[in-house]
Amino acid sequence: MEYRQLGRSGLKVSALSLGTMTFGGKGNFAKTGDTDLEGAKRQIGMALDAGINLIDTADIYSTGASEEIVGQALKGKRDSVLVATKARFRMGEEINDAGLSRYHLIRAAEASLKRLGTDHIDLYQLHQWDGLTPLDETLEALDTLVRSGKVRYVGVSNFSAWHLMKAMGVAALEKFVAPVSQQIHYSLEAREAEYELIPATLDQGLGVLVWSPLAGGLLSGKYRRNKATPEGTRQLANWGEPPIRDQERLYDIIEVLVGIAEARNISAAQIALSWLLGRKGVTSIIVGARTDAQLADNLKAADVVLSAEERASLDKVSQLPLIYPYWHQARTASDRLSAADLSLIQPHLK
């Protein structure tokens with residue numbers, strides 16, 4: 001297992017992380033999986049044996065059940081693993097039981113600590129943007145949690161680039177503890193993060209944790225053009241992430257994936273994960289699974305190295321067009337672009 005530095009922090013995390021959205025199986029999250037405590041113990045054991053040192057969860061996953069299961073499964077192992085969790089979404093019926101206010105964040109962190117059965121959270125992440133709470137209030141609350149010892153590092157998730165940069169700017173201006181990472185949606189099927197989130201990461205020296213790297217299972221190789229969708233999948237359960245706007249493009253990507261996988265006699269999922277591991281800015285890919293067999297297969301991706309030709313074919317079939325102002329920059333500013341700019345624009349330059 002490769003270990004990569006998490007942004008400008010001194011923390012090193014495994015290139016693959018274990019996601020726990022399938023733990024608990026309550027409410028809407030039952031569509032993603034229903035791993036119980038015994039199953040979680042097995043999967044966490046598999047992950048640790050493979051060299052994974054970061055486990056990612058969130059308070060909203062099965063309304064706290066995922067955190068509870070992670071805490072119980074890590075008894076006796078807590079000091080050998082980093083635990084990341086998140087807060088923002090509604091966790092109660094009161095009007096203030098959601099958002100990124102000081103009131104909610106501190107209460108949410110303390111509740112997560114209790115469910116996890118630990119005295120600290122290694123990486124505490126803002127799970128989504130809150131446009132109503134002033135950022136200085138949110139960041140001051142995170143700063144308080146870090147200085148109290150309840151949180152080690154902070155990050156954001158699902159922010160737009162201007163949200164991210166505003167957070168970085170306020171943290172610097174007010175001398176608050178700043179985010180060291182962002183957790184984003186990124187895959188061969190969904191490369192929108194390359195427009196601004198990845199360049200911002202490279203420019204600011206942030207770490208990137210990737211969620212749903214297999215596009216909700218769409219890149220597993222099970223979904224093929226003119227073939228019936230397998231039973232028991234997230235897509236049939238109307239999970240809805242990611243939204244597919246171009247079905248034919250998706251099938252084109254899958255055909256290239258499957259072709260490379262069959263030539264190597266490994267799974268399409270391993271190829272898709274390996275492609276992401278080689279993308280600029282990516283620190284760690286969060287893998288989760290409904291079954292032990294799926295997890296075992298995903299873990300093997302850490303050892304897969306794509307050839308330049310294989311990578312180029314995947315790049316080409318999944319490439320997004322340049323939107324404004326990037327097509328204009330490619331035409332008129334290519335002589336003065338930074339490495340962050342070129343992470344998006346370089347493949348489009350002739």
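**Buried contacts, strand pairing and ring pairs**

At 14% relative accessibility, Val 180 falls under the 20% limit and therefore counts as buried. The model is a predicted one, and within it Val 180 sits in the loop that runs between helix H5 (161-174) and strand E8 (181-185). Leaving aside residues up to four places away in sequence, Val 180 is in contact with Leu 6, Gly 7, Ser 9, Leu 123, Tyr 153, Val 154, Leu 206 and Gly 207. Glu 137 is 43 residues from Val 180 in sequence, and the two C-alpha atoms are 18 Å apart in space.

Strand E10 (residues 284-287) runs parallel to E3 and is joined to it by three bridges, with Val 287 as the bridge partner of Leu 18 in E10. Strand E4 (residues 54-56) also pairs with E3 in the parallel sense, here over two bridges; in E4, Leu 18 has Ile 55 as its bridge partner. Together with helix H1 (residues 37-49), E3 and E4 make a β-α-β unit that is right-handed.

Turning to the nonpolar cores, the largest has 84 residues, of which Tyr 124, Tyr 186, Leu 219 and Ile 285 touch the most other members. Not counting residues up to four places away in sequence, Ile 285 touches Leu 16 and Ser 17, along with Ala 15, Val 210, Pro 213, Leu 273, Leu 276 and Leu 277.

Aromatic rings come next. The distance of the centres and the angle of the planes describe a pair of aromatic rings. Six aromatic pairs turn up in a search of the whole structure. One of them is tilted: Phe 29 and Tyr 61 lie 5.5 Å apart centre to centre, with 55 degrees between the planes. This pair links distant parts of the chain, 32 residues apart, with Phe 29 in the loop between E3 and H1 and Tyr 61 in the loop between E4 and helix H2 (65-73). Phe 29 is buried because its relative accessible area is 16%, and Tyr 61 is buried because its value is 8%. Tyr 195 and Tyr 326 form a stacked pair, at 6.1 Å centre to centre and 10 degrees between the planes. Here too distant parts of the chain are linked: Tyr 195 is in the loop between E8 and helix H6 (197-204), Tyr 326 is in helix H11 (residues 326-332), and 131 residues separate them. Both Tyr 195 and Tyr 326 are buried. Elsewhere, Trp 129, Phe 159 and Trp 162 are linked into a cluster by ring pairs.

The peptide bond from Tyr 324 to Pro 325 is cis, with omega near 10 degrees, and Pro 325 is placed in the loop between helix H10 (308-318) and H11. With 71% relative accessibility, Asn 265 counts as exposed.

Notes: Residues numbered from 1 in each chain as written. Predicted model: local features only at pLDDT ≥ 70, side-chain atom pairs only at ≥ 80, totals over all residues. Heavy atoms only, no water. Pairing = 2+ DSSP bridges. Helix = DSSP H or I, 4+ residues; strand = E, 2+ residues; numbered from the N terminus. Right-handed = clockwise from strand over helix to strand, strands pointing away. Buried < 20%, exposed > 50% of the residue type's maximum accessible area, 1.4 Å probe, protein only. Contact = heavy atoms within 4.5 Å. Phe/Tyr/Trp six-rings, centres within 6.5 Å; stacked < 30°, edge-to-face > 60°. Core = buried A, V, L, I, M, F, W, Y, C linked by side-chain atoms within 4.5 Å.
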